[in-house]
Amino acid sequence: MIIGFDIDDVLANFMSSLLKFSSPILKRNFSVDEMKYVEHYGEIWNVDLEKAKEIVKDFYQSDEFKLMESNPEAKNLLKYISGSDMNVLAITSRPDFLKQSTLIWLEENFGKIFNEYNVYFTNIFWGQGKSKGEISKELGIDYFVEDGVSHAKSLIENNIKVFLYDKP
């Protein structure tokens, strides 16, 4: 059995770190709950899509991103799974230019569970690449743990069973 995991807000506490970074820029504090079902951050931040992408790109270069905390629930689940015959993969919407920093973060937080051979980047946040559903189907993933509704829909459309994690 192959289980796929999203990284941001499933394995990593992405949104709380992003909001900590973006609050001084936007001159307003946003809650994680406000961001829960937002497709594009600019909708809540009251900025256009390009400005939202610029903020996120700057966040990727920040200490808040590098020091982002992992999700303890995911850590416990992966510890349990790693002792079984299940295969684990991660698929993220992050862009390819974050591959090295993402792999370092995963190793620091989850040990040797993830590596360059079982972590995939869709680049979908930047409007390119395949969906998580398409990639999961190609990889033969049976189950996927995801927090994003639109990604969950693409997984379901590709006959992947989804555990919709209620985060951020």
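The views below show a predicted model, in which local features need pLDDT of at least 70 and side-chain atom pairs count only at pLDDT 80 or more, while totals for chains, interfaces and linings use all residues. Residues are numbered from 1 along each chain as its sequence is written, and side-chain values use heavy atoms, with hydrogens and water left out.

**View 1. The whole protein.** The protein contains eight helices and five strands, where helices (H or I, at least four residues) and strands (E, at least two) are DSSP runs numbered from the N terminus. Read from the N terminus on, these elements follow the order β-α-α-α-α-α-β-α-β-α-β-α-β. The C-alpha trace spans about 50 × 35 × 25 Å along its principal axes. A compact globule of 168 residues would have a radius of gyration near 15 Å, and the protein has 15 Å, which agrees; this radius is taken over C-alpha atoms, and the globule rule is 2.2 Å times the number of residues to the power 0.38. Of the 168 residues, 48% are buried, where buried means under 20% relative accessible area, exposed over 50%, and partly exposed in between (1.4 Å probe, protein chains only). Among the contacts with a separation of 6 or more, 65% are made by residues 24 or more positions apart, a contact being heavy atoms within 4.5 Å.

**View 2. Helix α3 and its buried face.** The 12 residues of helix α3 (residues 49-60) should span 16 Å at 1.5 Å a residue, and the end C-alpha atoms are 17 Å apart, which agrees; the expected span is 1.5 Å times one less than the number of residues. Buried in this helix are A52, K53, I55, V56, F59 and Y60. Seen down the axis of α3, these buried residues fall within an arc of 160 degrees, so they line one face of the helix; the arc is that of the directions from the helix axis to the C-beta atoms. An α-helix has 3.6 residues a turn, so residues three or four places apart point the same way. The buried residues of α3 pack against α1 (14-26), α2 (42-45) and α4 (63-66). At the N-terminal end, D48 caps α3, with a side-chain oxygen 3.2 Å from the backbone nitrogen of E50.

View 3. The residues T102, L103, W105, L106, N109 and F110 are buried in α6. Seen down the axis of α6, its buried residues fall within an arc of 160 degrees, so they line one face of the helix. On the face turned away from this buried side, α6 carries the exposed residues Q100 and E108. The buried residues of α6 pack against α4, α5 (72-82) and β3 (119-121).

**View 4. A74 in helix α5.** A74 lies in helix α5 and is buried, with a relative accessible area of 7%. Leaving out residues up to four places away in sequence, A74 touches V10, L11 and F110. Although A74 and L11 are 63 residues apart along the chain, their C-alpha atoms are separated by 5.6 Å.

**View 5. N158 in the loop between α8 and β5.** N158 lies between α8 (149-157) and β5 (161-164), and with a relative accessible area of 16% this residue is buried. A polar atom of the N158 side chain lies 2.8 Å from the backbone oxygen of S154. Beyond its neighbours within four places in sequence, N158 is in contact with G133, E134 and K137.

**View 6. Two loop residues with positive phi.** K27, in the loop between α1 and α2, has a positive phi near 60 degrees although it is a residue other than glycine, and K27 is exposed, with a relative accessible area of 73%. N46, in the loop between α2 and α3, is not a glycine either and has a positive phi of about 65 degrees; at 71% relative accessibility, N46 counts as exposed.

Terms used:
Polar contact = N/O pair within 3.5 Å; in protein donor to acceptor, adjacent residues only side chain to side chain.
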